[in-house]
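Please keep the structure open while reading.

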Amino acid sequence: MREDAQALDIRDVTANWVNAAVLERQLDERIKSLADLAHTPLFFGRLDYLHAPGAELAEGAGGERFYIGRRHVHDADGDPMVIDWRAPVSQPFYRASKKAPMDVGLRRRFGYTGGDLTAYEDEHLSDPRETERTSKLLQQEIERPRVGPMRDIVATIQPEQDEIVRSGLTGSVCVQGGPGTGKTAVGLHRVAYLLYAHRERLARTGTLIIGPNASFLRYIEQVLPALGELDVRQATVADLVAQVPADGVDGAPAALVKGDARMAEVLRRALRAQVTPPAEPLVVVRGSRRWRVPAYELEEIVSELQNRDMRYGAAREALAQRIAHAVLVRMEQAGEAPDDRVQDAVARSAPVKAVVKAVWPAVDPARLVLRLLSDADFLAEHAKGVLTPDEQRTILWAKPPRSVKSAKWSAADAVLVDEASDLVTRTHSLGHVVLDEAQDLSPMQYRAVGRRCSTGSMTVLGDLAQGTTPWATRGWDEALRHLGKEDAVVEELTAGFRVPRDVIAYASRLLPSIAPGLAPVASVRESPGAFAVRRADGGGLTAAVVAACGESLLREGSTGLIAADARVPALAAALDEAGLPYLGPGEETTQEARLTLVPASLAKGLEYDYVVLDEPSAVVAGEPDERTGLRRLYVALTRAVSGLAVVHADPLPRELG
């Protein structure tokens, strides 16, 4: 298929150079999507239907066989050899069961090792003599060592996951899932499915994946290309709102107030205050005639625009046209016959421009936020009844900067600038947005994400128990309200496929303290996993941690050393001294470099075959409050796929028993 695409000659089929350039780009993308992926087979399953799909279920009618793979593959004659996993005919591979066989006589799963076919497993779904059993190939795939970036789960999608993946484009979905339930993979595969089912629409409107940090995005960036999807943008919230450089840092109290949804009202008031009622009439000279619009009529025009649901910038542009229209009415009353060109000329005339500039001045969003955070009187005027005096003092800059460029903007400030920018000019909406680790966003960050799909749909992914910011959401209803997706369906995934039984049971001891009422993850793994808690006595904590890393590296797969951020430099020095090479979070592991040193603040969303956790009490103490610290610890404890070693010198947090 790739060779056929490369051999196409488009020189004689394009009308002009523009068409040629567009067609050439599409052809290049087609060739890229057909690239061979090392160790990735073209098919992973087979379905033998009792009757041909779509045909009448008449007695004696023949069945049909389909091979299921990551993408459609056809032979030289154009006949299908492998069916795309997203096609309707492939759905029974994920949904069919003994109770509901979906007209499937045989489902076959293929097992691969390094790209070589090494096993297969059959289920005779319509045979009452065969009992339902757990798939060994499925278990082996789940247990397979994690080396390199995140991989797709297209061969192992479970029925409850498939329902979410194949849900429609028009509705938004929120997935609450504990560690290892596959919520991130479900979100990525949902994007792949939507691009398959609604390709033309999403090609026009765009698709975006939002992750918590750059390390996480690097970790997941190969999943969609492996499924043949190359044109999906990835970004963090900070990337989306980068209108000002966010190199400053807020304290937790200031960040909490700046991230509160009430700040949107403060910004709205401050922006509306830029509009001042006209004090004098307008006089426009056209040839030998003078046309006068009295101040009270100008004020009525301004008041009407203020009462309409319009962006500040759009209303400013409309003001010039509305004033020009008032002048044209007077011209018509005097017997003239002006047309649209005359109205445009009047709108661009110096007197009208002067009125617009005085009454409805242009506003720089960053300057507006700068004034709010620098001028106590200006903030008090527009935050009255919204923020308390103490909250106002909390967000005021101690040393106001001289200009937008000299300001030390924080991440929360950048979100405020983005909000102000949207009040001035409407933010472009995409067709679909996936928001991962959504529990950590502030209300103002939710608003920033929500306006980027105001006319599109969303897939919201997260775990309330893993909220590790002081402003982490208390519930999905609240988060969805700020996102503008109150009608989203909330789904919960509770079956754990990644974290071993003993490890998730140990971590779940924290749930009553960090997320009361949340159901613990039930691991479906057959293996309990390697699990140990070791106390290092006599000041030998660092040496014990390095020794535990060495033991883990004797096993197959990747190892993650997770520690409180403050402990990372000391551990890095100790690993160097011991001659153990290590990577940073998000860097791709290889057979030669399988150890990653991970600050606890960057561990979310990552996974390793074996995890060594350094000093749990230090992880808790590294956060501004105990609940956030325990949630950070919960994240760190649940990054393991095969085994966890907890090494400590100080007493463990009492919540762990």
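## Helix contacts in a predicted model

Helix 12 (residues 262-272) packs against helix 18 (residues 376-383) at an angle of about 110°, and their axes lie 8 Å apart. Helix 12 is therefore roughly perpendicular to helix 18, as angles from 65 to 115 degrees count as such. On the helix 12 side, the contact uses Val266, Arg269 and Ala270. Helix 18 contributes Phe378, Leu379, His382 and Ala383. By class, this contact has five nonpolar residues, one polar and one charged.

The model is predicted. Helix 17 (residues 365-374) and helix 20 (residues 411-424) pack at about 125°, with axes 8 Å apart. That angle makes helix 17 oblique to helix 20. The crossing of helix 17 past helix 20 is right-handed. From helix 17, the contact takes Pro365, Ala366, Leu368, Val369 and Leu373. From helix 20 come Asp413, Leu416, Val417, Ala420, Ser421 and Val424. Nine of the residues in this contact of helix 17 with helix 20 are nonpolar, one is polar and one is charged.

The two pairs are set out below.

| Helix pair | Angle | Axes apart |
|---|---|---|
| Helix 12 and helix 18 | about 110° | 8 Å |
| Helix 17 and helix 20 | about 125° | 8 Å |

Next, a single residue. Threonine 184 sits in helix 6 (residues 183-197). Is threonine 184 buried or exposed? Its relative accessible area is 12%, so threonine 184 is buried, the cut-off being under 20%. Leaving aside residues up to four places away in sequence, threonine 184 touches Met150, Phe216, Ile220, Asp436 and Leu461.

Now the whole chain. It holds 28 helices and 21 strands. Its C-alpha trace spans about 95 × 75 × 45 Å along the principal axes. Of the 657 residues, 53% are buried. Among contacts with a separation of 6 or more, 73% join residues 24 or more positions apart.

Confidence comes last. The chain has an average pLDDT of 91, and 98% of the residues score at least 70. Where in the chain is confidence lowest? Helix 4 (residues 136-143) holds that place, with a mean of 78. Helix 21 (residues 443-450) has the highest confidence, at 98. Where pLDDT is low, predicted coordinates should not be read in detail.

Conventions. Residues numbered from 1 in each chain as written. Predicted model: local features only at pLDDT ≥ 70, side-chain atom pairs only at ≥ 80, totals over all residues. Heavy atoms only, no water. pLDDT = per-residue confidence, 0-100. Helix = DSSP H or I, 4+ residues; strand = E, 2+ residues; numbered from the N terminus. Axes fitted to C-alpha atoms, helices over the stretch in contact; angles between N-to-C directions. Parallel < 35°, antiparallel > 145°, perpendicular 65-115°, else oblique. Left-handed = near helix turned anticlockwise from the far one by under 90°. Contact = heavy atoms within 4.5 Å. Nonpolar A, V, L, I, M, F, W, Y, C, P; charged D, E, K, R; others polar. Buried < 20%, exposed > 50% of the residue type's maximum accessible area, 1.4 Å probe, protein only.
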